[in-house]
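Please examine the sequence and the model displayed here before reading on. The explanation is intended to be followed with both in view.

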Amino acid sequence: MKYKTLILLSLFSVHLAVIAESSDTKIERAMAAAPQSISQHATIVDSNGEMLRKGKNDWICMPDTMPGDKAPMCNDALWMKMMSAVATKADFTTTEIGISYMLKGDIGSGVSNATPYHPDHKNAEDYTETGPHLMIIVPKEMLKGISRDPNSGGPYVMWGDTPYAHIMVPIK
Ligand SMILES: [Cu+2]
């Protein structure tokens with residue numbers, strides 16, 4: 001009887017190992033979002049907020065943008081502030097510039113270009129996914145003159161009519 005329980009338990013843990021990513025895998029993916037000079041000393045935080053590795057600079061790299069989407073990003077403090085405003089639907093304004101690296105892009109895990117809150121963003125008319133890019137938060141008045149069209153072939157404004165507007169800068 002004991003023996004059977006053991007076999008069941010070990011089958012179960014094999015199964016868990018397959019579905020749960022190791023923190024090494026997550027750290028590696030998170031670090032790939034930015035140049036080594038940034039990510040090697042960055043703090044790595046999982047998408048549920050759990051700290052995976054304490055860093056030595058002011059950057060925070062995450063293995064996912066939204067839990068499980070596998071679109072890693074490395075954010076400065078202003079980007080982290082904006083991300084939590086997005087998550088809590090809080091207001092957000094800035095007089096400063098914020099930078100996020102997404103050198104792995106977000107192909108396969110895009111968003112509606114109009115809003116982070118589209119109820120069915122994968123099927124949104126303006127569903128947008130982008131290869132390697134930078135994301136830049138600027139004071140709102142500085143967005144003037146930048147394309148709102150994700151297919152313009154150059155930098156464009158995402159979430160432009162929300163407090164979370166930022167410039168997407170494709171780099172490949
Ligand atoms: Cu992005």
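The paragraphs below treat the overall architecture, then the sheet, the helices, the nonpolar cores and one loop.

This is a predicted model, in which local features require pLDDT of at least 70 and side-chain atom pairs count only at pLDDT 80 or more, while totals for chains, interfaces and linings use all residues. Residues are numbered from 1 along each chain as its sequence is written.

The protein chain contains four helices and ten strands; helices (H or I, at least four residues) and strands (E, at least two) are DSSP runs, numbered from the N terminus. Read from the N terminus, the order of elements is α-α-α-β-β-β-β-α-β-β-β-β-β-β. Of the 172 residues in the protein chain, 24% are buried. A residue is buried if 20 or more other C-beta atoms lie within 10 Å of its own, exposed if 12 or fewer, and partly exposed in between, with C-beta atoms placed from the backbone. Among contacts with a separation of 6 or more, 50% join residues 24 or more positions apart; two residues are in contact if their C-beta atoms, placed from the backbone, lie within 7 Å.

Eight strands form an open sheet of mixed pairing, in the order 2-1-3-4-5-8-10-9; two strands pair if DSSP finds at least two bridges between them. Strand 2 (51-53) and strand 9 (156-158) each have a single partner strand, so one side of each is left without a neighbour in the sheet. On average, and with direction ignored, neighbouring strands of this sheet are turned by 30° against each other. Axes here are lines fitted to C-alpha atoms, for helices over the stretch in contact, and angles run from 0 to 180 degrees between N-to-C directions.

Within the sheet, strand 5 (residues 98-102) runs antiparallel to strand 8 (residues 133-137), and five bridges join them. Gly-98 stands opposite Ile-137 in strand 8, and Met-102 stands opposite His-133 in strand 8. Helix 2 (residues 23-31) packs on the sheet, where it touches strand 1 (43-45), strand 2 and strand 3 (60-62), and its direction makes about 80° with that of strand 2. Helix 4 (residues 77-88) also packs on the sheet, touching strand 3, strand 4 (73-75), strand 5 and strand 8, with its direction at about 85° to that of strand 5. Strand 4 and strand 5 pair in the antiparallel sense over two bridges, and Tyr-101 in strand 5 is the bridge partner of Cys-74.

How do the two helices present their residues to the sheet? In helix 2, the residues Lys-26, Ala-30 and Met-31 are buried. These residues cover an arc of only 130° around the axis, which puts them on the same side of helix 2; the arc is that of the directions from the helix axis to the C-beta atoms. The cover over the buried residues of helix 2 includes helix 3 (36-39), strand 1, strand 2 and strand 3. Asp-24 and Thr-25 are exposed on the face of helix 2 turned away from its buried side.

In helix 4, the buried residues are Trp-79, Met-82 and Met-83. Seen down the axis of helix 4, these residues fall within an arc of 105°, so they line one face of the helix. They pack against strand 4, strand 5 and strand 8, whereas the face turned away from the buried side of helix 4 carries the exposed residues Ala-77, Ser-84 and Thr-88. Helix 4 is followed by Lys-89, whose phi is positive, near 55°.

In soluble globular proteins, nonpolar side chains tend to be buried together. The largest nonpolar core has 22 residues, and those with the most contacts inside it are Ala-33, Cys-61, Met-73 and Cys-74. A nonpolar core is a set of buried Ala, Val, Leu, Ile, Met, Phe, Trp, Tyr and Cys residues joined through C-beta atoms within 7 Å. Helix 2, strand 1, strand 3, strand 4, strand 5, strand 9 and strand 10 (166-170) each supply at least two residues of this core. Apart from this core lies another, of five residues, among them Met-82, Met-83, Ile-137 and Tyr-164.

Finally, Gly-145 lies in the loop between strand 8 and strand 9. Gly-145 counts as exposed because it has 6 C-beta neighbours inside 10 Å.
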